[in-house]
Amino acid sequence: MKRLASVAVVAGATLALAVVLVALGGEGDGAQAAPAAQATTVQVTVQQFSVTANPSSAPAGAVDFVASNTGSISHELVIIRTDLSPDALPVVGNTVDESGAGVQVIDEIEPFAPGTQQTRSVNLAAGKYVLICNLSGHYQAGMRRGFTVTEATATATPTATATTTATPTATATTTATPTATATVTPSPTATPTATPTPTPTPPPGGTTVQVELKEFSVTANPTSAPAGEVQFVASNTGAIDHELVIIKTDLAPDALPVVDNKANEDSPGVQVVDEIEEFDPGRQETKSVNLAAGKYVLICNIVGHYEAGMRTAFTVTGATATSTATPAATATPATTATPPPTAPKTATSTPTKTATPATATPAAPPPSGGGSIGGDSGLPTAAWAAIAGGAALVLTLAAGGLALARRRSTGS
Ligand SMILES: [Cu+2]
């Protein structure tokens, strides 16, 4: 009962406020009075990575969505009727499943360029809607917004425009509740951070370059390497898929020719050396390439990403003098006792069996050898070695016989 009473007070106060405003002469645009008759215009802003709608609801009937792309890459607007919450739409891969359960696509504005505006008029029944951009990864990155369509007659004035103009002292306490205006949340703008950390250390087995990919920047550390093997370790620290394209070019990173919102990988002066295909956020991919001295640009060439800032310069210097010192012998494992090249091969090949007396695991026979011999029994290691040797011999003979038989049967 108390609640009812307070509701009545609020309603009364609101009514009073409205009366006062009308009496004052209605400085606001009082066009909100009869929305059902004509279309409601909804201003929609799409950018990386948000969708906002103002107002955030409309009465059933004609609705004109005026969508502005204030981002730096292309976006689209899909109008979906669904009772699911905006962030709970079914996702397949990197996009919302537009034919998924509980999802009904009403209409959409195809991808349109940054800085442009598109309008779409639709007729909407009362219900809950979600406005999204369904370009790869954009929905997950945050491009979604709930939108409500109310019954046409009942709520003619759900959007209290009076609150913006009127700030009355007396009724302020009671009217504090009903302001349900669309909040325009500023989205984070892309800030390419070029970290200059040049330390081209000469590599023992190649230079490792850490590359960070995110919306919308590419950073490399170090930013240069001596000619030769370069291992790119690319981390996607963003919220959507990215890729890494390694391009040899004398052009500046931001001066690559662009076609259809992508750097043109086939244009003259642009030589794609290699690439890591697009991969998920939070993941890491590695690619080793052999690079000649020269200038390079590292980019993500998913539609729009290059233009949005995903590019950085990378330099490959002439091979340093230290390249001759690289020893080829470091690769050999534990048995590094390998003598200088003059030593005969027989010296290293024969003693392998005897050289491992302690572990009791003799060298496994080359083909089809599977049995490892455990060392827990009471047998002396010499006995095990003998058994192993015998077994190896038998296995080898068996394998040889098998191979012979097979060769004979196939006739080759
Ligand atoms: Cu990208």
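Here are some friendly notes on the strands and sheets of this predicted model.

1. Ground rules. Residue numbers start from 1 along each chain, following the sequence as written. Because the model is predicted, local features need pLDDT of at least 70 and side-chain atom pairs count only at pLDDT 80 or more, while totals for chains, interfaces and linings use all residues. Strands here are DSSP runs of E with at least two residues, numbered from the N terminus. Two strands are taken to pair if DSSP finds at least two bridges between them.

2. The five-stranded sheet. An open sheet with mixed pairing has its five strands in the order β3-β11-β10-β5-β8. At the edges stand β3 (57–59) and β8 (104–112); each has a single partner strand, so one side of each has no neighbour in the sheet. From one strand to the next, the twist averages 20°, where axes are lines fitted to C-alpha atoms and angles run from 0 to 180 degrees between N-to-C directions.

3. On one side, β10 pairs with β5 (residues 75–81) in the antiparallel sense over four bridges, and V130 of β10 stands opposite I80. Strand β10 also runs antiparallel to β11 (residues 144–150), joined by six bridges; there, V130 has G146 as its bridge partner. Strand β5 is in turn linked to β8 by six bridges, again antiparallel, with I79 partnered by D107 in β8.

4. The four-stranded sheet. A further open sheet, also of mixed pairing, has four strands in the order β13-β12-β15-β20. Its edge strands are β13 (217–221) and β20 (284–291), each of which pairs on one side only. The twist in this sheet averages 20° from one strand to the next.

5. Around β12. Which way do β12 and β15 run relative to each other, parallel or antiparallel? Strand β12 (residues 207–214) and strand β15 (residues 228–236) are parallel, and seven bridges join them; V209 stands opposite F232 in β15. With β13, by contrast, β12 pairs in the antiparallel sense, over five bridges, and V211 is found opposite A220.

6. A residue counts as buried if 20 or more other C-beta atoms lie within 10 Å of its own, as exposed if 12 or fewer do, and as partly exposed in between, with C-beta atoms placed from the backbone.

7. Four bridges hold β16 (242–248) and β21 (residues 294–299) in an antiparallel pair, in which I246 stands opposite L298. Strand β21 also runs antiparallel to β22 (residues 311–317), with six bridges between them. In that pairing, I299 stands opposite R311 in β22.

8. A loop residue to look at. Where does A252 lie? This alanine is in the loop between β16 and β17 (258–259). Why is A252 classed as exposed? A252 is exposed because 11 other C-beta atoms lie within 10 Å. Its C-alpha atom and that of T312 are separated by 9.0 Å, although A252 and T312 are 60 residues apart along the chain.
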